[in-house]
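Hi there,

Here is the structure I promised to pass on to you.

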Amino acid sequence: TQYGEFVRDLHSLSQMRILELWGLDVLTGLKNKRAMLVDMAQELERVARHGRAFSLALLQIDHYPQILKSLGREPAEAIVKDITRLVRASLRSFDGAYYIGNGEFVLS
């Protein structure tokens with residue numbers, strides 16, 4: 001039984017690592033910080049070539065560290081997932097959304 005659980009846990013960790021390497025945040029399904037840095041570098045190159053501006057917005061869940069500490073990991077993650085659904089609902093097809101951790105999102 002323990003070996004089976006170990007294999008399942010290892011498989012789950014492997015899947016999470018693959019998602020992270022592909023630039024996806026495991027919790028939210030949004031792009032992660034690594035993908036954001038790549039995308040922002042491309043946007044800055046585009047700005048340098050064409051001179052068109054782009055916008056960045058930082059979305060932060062107020063008092064997230066305290067929420068995490070007082071409510072625990074699962075309720076705090078549920079809040080992050082709820083915010084993610086709201087973010088997704090408000091995005092246009094060409095907008096970018098990134099979860100960079102600790103209750104913080106970047107939108108472009």
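Predicted model: local features only at pLDDT ≥ 70, side-chain atom pairs only at ≥ 80, totals over all residues.

Residues are numbered from 1 along each chain as its sequence is written, and side-chain values use heavy atoms, with hydrogens and water left out.

The structure has five salt bridges (a salt bridge being a side-chain nitrogen of Lys or Arg within 4 Å of a carboxyl oxygen of Asp or Glu). Here are some of them.

One of them joins lysine 31 to aspartate 39, at 2.9 Å from N to O. Aspartate 39 is buried, at 16% relative accessible area, whereas lysine 31 is partly exposed at 36%. (Buried means under 20% relative accessible area, exposed over 50%, and partly exposed in between, with a 1.4 Å probe and protein chains only.)

Another pairs arginine 46 with glutamate 43, at 2.5 Å from N to O. Both residues sit in helix H2 (residues 33-50), three residues apart, which is about one turn of the helix. (Helices are DSSP runs of H or I with at least four residues, numbered from the N terminus.) Arginine 46 is partly exposed at 35%, and glutamate 43 is partly exposed at 23%.

In helix H4 (residues 73-90), aspartate 82 and arginine 85 are also three residues apart, about one turn of the helix. Their salt bridge has its closest N and O atoms 2.2 Å apart, and aspartate 82 is partly exposed at 39%.

Best wishes

Methods:
Helix = DSSP H or I, 4+ residues; strand = E, 2+ residues; numbered from the N terminus.
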